[in-house]
Amino acid sequence: IMIKTFDNKEWKYIDIIKRMYDDDFYYGYLGSNALSSSSAKKLLQSPKAYLKSLNVNQDAQPLRDGRLVHLSVLEPQKVKDLTIIDGSKATKAFKQAVLDLGSANVYTRSEFNNANRIANAVLKCSEVTNLLQGAEFEVPQAAMIDDIPFRGKADVLNGNVIIDLKTTGDISKFRWSAKHFSYDLQAALYTRMFDADAFIFVVVDKDSKDIMICDCSDEFMRTGTEKLEMAIEQYKYFFQDEIPNLDNYVTHETL
């Protein structure tokens with residue numbers, strides 16, 4: 001199996017999978033040279049939204065919080081390698097640590113404690129720990145779909161079941177969030193890439209620490225597949241040959 005990235009480089013499947021464990025390669029090189037569930041969602045918004053996403057700020061607080069929660073739940077052995085700074089991100093100590101170690105490796109005590117509380121709530125739930133039993137974590141995958149390269153990492157792969165960890169500010173609105181943020185597209189894409197039988201969301205409320213386990217209905221997967229196909233069409237139309245001039249890109253709506 002060969003994966004042909006947007007820069008026309010051809011990769012042996014086994015070689016690119018090995019490289020994907022390196023975050024710089026996964027988020028840097030492949031971020032610009034392959035699609036992901038996140039970039040596909042941006043393509044559904046507009047070509048401009050997709051281009052902007054290529055330079056997304058990985059230091060945005062929601063991304064930092066999510067990354068730390070994922071580490072705390074799924075790869076706790078890596079938490080000990082992080083540098084935790086007392087005080088705020090405005091302190092000299094924090095700024096110097098970021099310069100020395102990189103922002104992904106440095107967190108404030110407040111960030112760490114908050115993520116730890118969320119992680120503990122997840123790991124104390126027996127239904128969740130049963131789902132995680134014997135599973136692999138942060139499993140990379142690459143695939144060509146309709147001649148377009150895709151990258152992805154399954155939070156949890158347990159046999160033929162993918163489990164994705166989500167945090168939310170209001171768990172009662174997760175059904176709305178799943179549609180609004182196109183989690184159905186992610187489920188459809190990952191199920192296809194990993195040839196999985198099922199996709200399950202484990203959702204934790206950042207405030208109340210309530211836990212919700214969500215299965216994906218056939219209808220949810222169907223709409224996700226439709227969105228994936230639309231995103232691929234958008235990429236091919238706007239970006240297949242060259243980056244277009246989008247100055248005159250406009251949408252029309254009647255209100």
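Analyst: Before we start, one term is needed: two strands pair if DSSP finds at least two bridges between them. Please keep in mind as well that this is a predicted model.

User: Which residue in β6 does Ala-142 stand opposite?

Analyst: The strands β5 and β6 run antiparallel and are joined by 9 bridges, and Ala-142 has its counterpart across this pairing in β6. The residue that Ala-142 stands opposite is Arg-151.

User: In the hairpin of β5 and β6, which residue takes a positive phi?

Analyst: The hairpin of β5 and β6 has 2 residues between the strands. A positive phi near 55° is found in this hairpin, and the residue that takes it is Asp-146.

User: How many of the residues of β5 are buried?

Analyst: Strand β5 covers 136–145 and is an edge strand, pairing on one side only. Even so, β5 is largely enclosed by the rest of the structure, because the buried residues number 7 of the 10.

User: In what order do the strands of the open sheet lie?

Analyst: The sheet has 5 strands and its pairing is mixed, with β5 and β9 (211–215) as the edge strands. From one strand to the next the twist averages 40°. The order is β5-β6-β7-β8-β9.

User: What is the bridge partner of Ile-200 in β9?

Analyst: Strand β8, residues 198–205, pairs with β9 in the antiparallel sense, and the pairing extends over 5 bridges. In β9, the partner of Ile-200 is Asp-215.

User: Are α3 and α11 roughly parallel or roughly perpendicular to each other?

Analyst: Helix α3 (residues 37–45) packs against helix α11 (residues 218–239) with the axes 8 Å apart and an angle of about 75° between them. Angles of 65 to 115 degrees count as roughly perpendicular. The two helices α3 and α11 are therefore roughly perpendicular.

User: Which residues in α3 meet α11, and how do the residues of the contact divide?

Analyst: On the α11 side, the contact includes Lys-227, Met-230 and Tyr-235. On the α3 side, the residues are Ala-40, Leu-43 and Leu-44. The residues of the contact divide into 7 nonpolar, 1 polar and 1 charged.

User: Is Lys-227 buried or exposed?

Analyst: Lys-227 is found in helix α11. Leaving aside residues up to four places away in sequence, Lys-227 touches Leu-44, Lys-179, Ser-182, Asp-184 and Leu-185. Its relative accessibility is 18%, and the cut-off for buried is under 20%, so Lys-227 counts as buried.

User: Where is Ser-182, and what is its relative accessibility?

Analyst: Ser-182 has its place in the loop between α9 (174–180) and α10 (183–193). Residues up to four places away in sequence not being counted, Ser-182 touches Lys-41, Leu-44, Ser-177 and Lys-227. Ser-182 counts as buried, because its relative accessibility is 9%.

User: How far is the sulfur of Cys-216 from the closest cysteine sulfur?

Analyst: The structure holds 0 disulfides, and Cys-214, which is buried with a relative accessible area of 15%, is the residue that carries this closest sulfur. A disulfide would need the sulfur atoms within 2.5 Å. The separation is therefore too far for a bond, at 7.9 Å.

Key:
Residues numbered from 1 in each chain as written. Predicted model: local features only at pLDDT ≥ 70, side-chain atom pairs only at ≥ 80, totals over all residues. Heavy atoms only, no water. Helix = DSSP H or I, 4+ residues; strand = E, 2+ residues; numbered from the N terminus. Buried < 20%, exposed > 50% of the residue type's maximum accessible area, 1.4 Å probe, protein only. Contact = heavy atoms within 4.5 Å. Axes fitted to C-alpha atoms, helices over the stretch in contact; angles between N-to-C directions. Parallel < 35°, antiparallel > 145°, perpendicular 65-115°, else oblique. Nonpolar A, V, L, I, M, F, W, Y, C, P; charged D, E, K, R; others polar.
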